[in-house]
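My plan was to go through it piece by piece and jot down what I looked up.

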Amino acid sequence: MTDGDLTAAAAGPASANVLEVSDLHVEISTRRGVVRAVDGVSLQVPRGEAVGLVGESGSGKSMTLRAILGVLPPEAKITAGQIRLDGVDLVPLPGSALNRIRGPKLSMIFQEPMSALNPVMRVGWQIAEGPRVHLGYSRSKAAELAVELMRRVGIPDAERRFKAYPHEFSGGMRQRVMIAIALSCDPEIILCDEPTTALDVTIQDQILRLLARLCRDSGVSLIFVTHDLPVVAQLCQQVAVMYAGELVERGAVHDVLLDPRHPYTLGLVRSAPDVEHVRDSLVPIPGSPPSLVHPPSGCRFHPRCPFVEEDCRVQPTPLRQLPGGRSTACLHYERVVESVEAERIVP
Amino acid sequence: MTGAPSGVASAGAISDAGTGPLLSVSGMSVSFAVGSRLAARIKHEQRMLRAIDGVDLDLRRGEALALVGESGSGKSTFALALAGLRPADRGQITFDGRVLPSRRSKSDQRRIQVVFQDPYSSLNPRLTVGGMLRELIRVHHVVPAGEADAYCAQLLTLVGLGEDAMRAYPRQFSGGQRQRVAIARALVLRPEVLIADEPVSALDVSVQATILNLLAELRAELGLTLLLISHNLAVVRHLCDRVAVMYLGRIVEVAPVGQLFSDPRHPYTKGLLAAIPRLTANPAEEAEGGPAVAGDMPSALRIPVGCRFRTRCPIAQELCERADPQLLAEPGNSGHQAACHFAFGSPAPAASANGSVQPY
């Protein structure tokens with residue numbers, strides 16, 4: 001192991017979680033002020049499980065992923081918190097140390113494979129690059145591995161397609177190439193940033209099944225960022241819901257999506273058309289997400305919340321534990337429970 | 001302004017005489033020339049991409065019809081051809097009992113309007129909303145020049161924007177508001193048919209609901225006939241009365257929305273439905289099962305011989321390679337049609353009997 005020194009340095013207790021993010025803060029300086037894009041997010045990712053991270057655009061979900069991977073834009077920085085991968089905190093590590101972790105331990109799949117792949121490099125060599133750099137594979141051994149990976153992610157005729165360029169692939173096949181690249185150094189966790197949003201529903205189904213199978217068979221963990229709740233249900237065991245830079249609810253997928261404990265989660269579920277449950281009319285979440293330069297006081301969701309009460313406007317709302325291994329940030333989640341009881345989300 | 005007669009303004013009135021479809025498309029084909037034109041001239045052979053390949057479809061007065069399919073199936077090309085924004089090579093469009101000529105008059109153009117997918121690129125960034133609407137009013141003489149502002153204000157209120165929106169530029173709006181502007185722009189000409197091409201797929205989840213609700217309200221309020229193009233079957237189920245499923249430039253199944261979801265007959269439709277992510281799904285089962293539809297859609301440059309879905313079809317047989325299935329109605333149920341040899345019991349007799357083998 002090339003990173004044996006890092007693992008040895010980990011003094012933390014052994015845990016079933018591959019990744020533990022605690023109290024992460026990311027700030028972005030803009031001309032209009034400091035945007036608190038991620039504000040106290042804590043996440044645990046168990047080994048071999050997929051954790052969904054959902055929210056609207058601008059909720060900070062992609063920023064959280066970028067912070068974990070250590071690829072924040074130059075104007076953004078981590079101001080507090082820890083990101084422990086196998087017990088090692090990544091936040092204070094210099095770039096050179098991060099480079100030894102990205103690939104063998106941590107990798108990422110992006111939303112738009114065409115802009116993430118190198119257009120003038122044969123896909124086979126793009127897949128082989130990681131093993132050559134990180135694992136010291138020879139050219140021929142890395143090429144063999146690349147063909148093997150292409151087969152594993154379901155690219156037909158792998159030997160021949162090794163020499164193809166990204167433009168010769170369909171959208172679904174490109175995303176399979178991205179997955180092969182992400183898998184190439186046998187990472188412990190793969191960060192997925194809306195990897196199926198640009199794909200057709202049939203191809204999305206193929207990719208989700210592939211990821212679910214990888215999770216089960218090779219024990220790799222996933223963080224899956226999306227705004228599409230049913231996609232999370234299809235793939236993930238755990239889900240965290242993000243709003244305006246904060247986590248508002250967290251728990252097992254079926255608990256959170258079918259029986260939410262936060263009005264924002266309930267709003268997301270009720271505003272999306274569902275094939276299994278046709279409603280007379282959709283219930284949009286009123287208003288729009290707040291500015292993160294001056295976020296609302298108290299609960300950040302209070303200006304849009306149908307259940308708002310006086311204390312919501314002033315009292316801070318950290319995530320708190322509920323029975324059954326789930327948590328919510330809502331002060332009055334009983335109101336949400338009543339509303340869910342009144343209209344079952346899925347009958 | 002131009003002093004032209006403003007009599008066209010009353011054209012919104014619909015003649016209720018016919019009980020037939022409001023709009024009827026028959027045998028429509030649209031192809032694109034691909035590759036080098038010069039090489040094509042030298043070789044006397046132009047490669048053609050058949051985006052729409054013989055489509056028959058009726059749009060009934062006041063209904064909401066959905067057109068679904070994967071990207072590249074020809075949905076958007078069909079919408080453009082229907083709106084007269086792209087010429088069709090073959091086929092004809094009958095509107096209200098009259099065949100539309102290939103070059104449409106202004107009053108024909110007015111009757112079919114489109115809302116496009118991306119409200120960021122489909123609005124002119126250098127025109128205010130008022131400017132955009134007034135231009136259309138002037139060109140098409142929708143209302144007399146003096147009433148234009150009042151009419152615009154009324155329209156903007158209808159789509160849920162304030163009168164203030166008149167003086168604003170598109171960049172000042174959020175995605176959802178822009179889509180409202182695009183809807184107002186489509187409605188300003190008092191169309192009878194509104195084509196919405198993926199109207200919510202560029203929008204955030206919480207905003208999608210407001211636009212979908214708006215489309216449903218407008219349809220009820222204005223008696224619009226709606227053609228919704230979407231890849232999201234959940235949206236379709238929520239908003240539409242009938243669904244047409246498109247695959248590689250052909251309609252492969254048409255049915256009332258309830259029937260399509262409860263009793264799909266074409267294997268492609270079955271696959272599309274199975275591929276929809278569901279809130280009640282179980283990841284463990286996902287890892288076990290095979291994909292809902294295997295493989296990718298073939299290129300429209302190389303459409304398979306016989307049934308065009310057979311390369312991905314789980315029940316394909318030798319017959320499917322030989323004969324191109326026609327879109328046929330279920331016996332005793334003319335509302336449900338499918339283009340599969342095995343859609344309504346084993347091999348649809350009509351397909352092979354009347355020699356409809358079409359070797360491409």
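Below are my entries, in the order I made them.

**Entry 1: what kind of model**
I noted before anything else that this is a predicted model.

**Entry 2: the hairpin**
I started with strand 1 (residues 17-30) of chain A. How many bridges join strand 1 of chain A to strand 2 of chain A? I found eleven, and the two strands run antiparallel. Strand 2 covers residues 33-46 of chain A. Two residues sit between these strands, and together the strands form a hairpin. One pair I looked up was V26(A), whose bridge partner in strand 2 of chain A is V38(A).

**Entry 3: two residues in strand 1**
Next I picked L24(A), which belongs to strand 1 of chain A. Is L24(A) buried or exposed? I counted 24 other C-beta atoms within 10 Å, and 20 or more make a residue buried, so L24(A) is buried. Leaving out residues up to four places away in sequence, L24(A) touches several others, including V38(A), V41(A), I78(A) and I83(A). I also checked L24(A) against G70(A): they are 46 residues apart in sequence, and their C-alpha atoms are 13 Å apart in space.

D23(A) is in strand 1 of chain A too. With 12 other C-beta atoms within 10 Å, D23(A) is exposed, because the cut-off for that is 12 or fewer.

**Entry 4: another positive phi**
D186(A) is also a residue other than glycine with a positive phi, near 55 degrees. I found D186(A) in the loop between helix 8 and strand 7 (189-193) of chain A. It has 17 C-beta neighbours inside 10 Å, so D186(A) counts as partly exposed.

**Entry 5: the open sheet**
Then I traced a sheet in chain A. It is open, has eight strands in the order 6-7-8-3-9-10-12-11, and its pairing is mixed. Which strands stand at the edges? They are strand 6 (106-109) and strand 11 (320-322) of chain A. Each has a single partner strand, so one side of each is left without a neighbour in the sheet. On average, neighbouring strands of this sheet are turned by 25 degrees against each other, direction ignored.

I zoomed in on strand 3 (residues 50-54) and strand 9 (residues 238-243) of chain A, which pair in the parallel sense over four bridges. V54(A) has V241(A) of strand 9 opposite it.

**Entry 6: where the chains meet**
Last, I turned to the contact between chains, which takes 44 residues from chain A and 34 residues from chain B. On the chain A side, helices 8, 9, 10, 11 and 12 each supply at least two residues. Helix 9 of chain A gives the most, with nine residues. I sorted the chain A side by class and got 23 nonpolar, twelve polar and nine charged residues.

Helix 9 of chain A packs against helix 10 (residues 267-275) of chain B at an angle of about 55 degrees, with the axes 8 Å apart. The two helices are therefore oblique to each other, and helix 9 of chain A passes helix 10 of chain B in a left-handed crossing. Which residues of helix 9 of chain A meet helix 10 of chain B? I listed V201(A), T202(A) and D205(A), which meet G271(B), L272(B) and A275(B).

Definitions and conventions
Residues are numbered from 1 along each chain as its sequence is written. Chains are lettered from A and ligands numbered from 1 in the order in which they are written. This is a predicted model: local features need pLDDT of at least 70, side-chain atom pairs count only at pLDDT 80 or more; totals for chains, interfaces and linings use all residues. Two strands pair if DSSP finds at least two bridges between them. Axes are lines fitted to C-alpha atoms, for helices over the stretch in contact, and angles run from 0 to 180 degrees between N-to-C directions. Two residues are in contact if their C-beta atoms, placed from the backbone, lie within 7 Å. Ala, Val, Leu, Ile, Met, Phe, Trp, Tyr, Cys and Pro count as nonpolar, Asp, Glu, Lys and Arg as charged, and the others, Gly among them, as polar. Angles under 35 degrees count as roughly parallel, over 145 as roughly antiparallel, 65 to 115 as roughly perpendicular and the rest as oblique. A crossing is left-handed if the near helix is turned anticlockwise from the far one by less than a right angle, and right-handed if clockwise.
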